[in-house]
Amino acid sequence: MPLSPHPYQILIGRTYALPICDVYLLGPHGRIHVRSLIDSGADMPIFPRKAGEDAGIDLSGLPDQDVQYAGSREPAWVRRAYFALGEHTFDLDIWFVERLDFPYAVLGRRGFFAKFREVAFLERIATPRVELRW
């Protein structure tokens, strides 16, 4: 069973580790680094609009719909986009928001989790990690 392990990371200003991974949003302007939380409580992938624009993804016009996350409701531009995680490239619908209240993007259950056979959060071990299993 192929495996993609991602050790938890401690962000600046935090005293605990989170299941953060480094992804690259892909677009006409290149690869844009986006730190992302693998979040089993999130419905969909939510990225900052600036990351999409920096990658060259067309986010012109008015937002397509609203998205609710962490108690906030924000207008969002929903676009099919590609991103790289390690050696793998994925395409999925991403909700881009103007104001993201976190220092990271969010990878939610719709789209992202469906790319894997299993997503395992291993927290009661010496080095906590998320394992993405195909």
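Reader: What makes Glu131 and Arg133 count as buried or exposed?

Author: Buried means under 20% relative accessible area, exposed means over 50%, and partly exposed is in between, with a 1.4 Å probe and protein chains only; both Glu131 and Arg133 are buried. The model is a predicted one, in which local features need pLDDT of at least 70 and side-chain atom pairs count only at pLDDT 80 or more, while totals for chains, interfaces and linings use all residues. Residues are numbered from 1 along each chain as its sequence is written, and side-chain values use heavy atoms, with hydrogens and water left out.

Reader: Why is the contact of Glu131 and Arg133 called a salt bridge?

Author: The term requires a side-chain nitrogen of Lys or Arg within 4 Å of a carboxyl oxygen of Asp or Glu.

Reader: What makes Arg99 and Asp101 a salt bridge, and how does their accessibility count?

Author: Their side chains meet at 2.5 Å, N to O, which makes the pair a salt bridge. Arg99 has a relative accessible area of 44% and is therefore partly exposed, and Asp101, at 40%, also counts as partly exposed.

Reader: Which parts of the chain does the salt bridge of Arg79 and Asp64 tie together?

Author: The side chains of Arg79 and Asp64 meet at 2.6 Å, N to O. Arg79 lies in strand E8 (residues 72-85) and Asp64 in the loop between helix H1 (49-55) and strand E7 (65-69), so the pair ties together parts that are 15 residues apart in sequence. Helices (H or I, at least four residues) and strands (E, at least two) are DSSP runs, numbered from the N terminus. At 45% relative accessibility, Asp64 counts as partly exposed.

Reader: Which residues are linked in a network of salt bridges?

Author: The network links Arg80, Asp91, Asp93 and Lys115.

Reader: How do you know that the protein is as compact as a globular protein of that length?

Author: The protein has one helix and twelve strands. Its radius of gyration is 15 Å, close to the 14 Å that the globule rule gives for 134 residues, so the protein is as compact as a globular protein of that length; the radius is taken over C-alpha atoms, and the rule is 2.2 Å times the number of residues to the power 0.38. Of the 134 residues, 44% count as buried.
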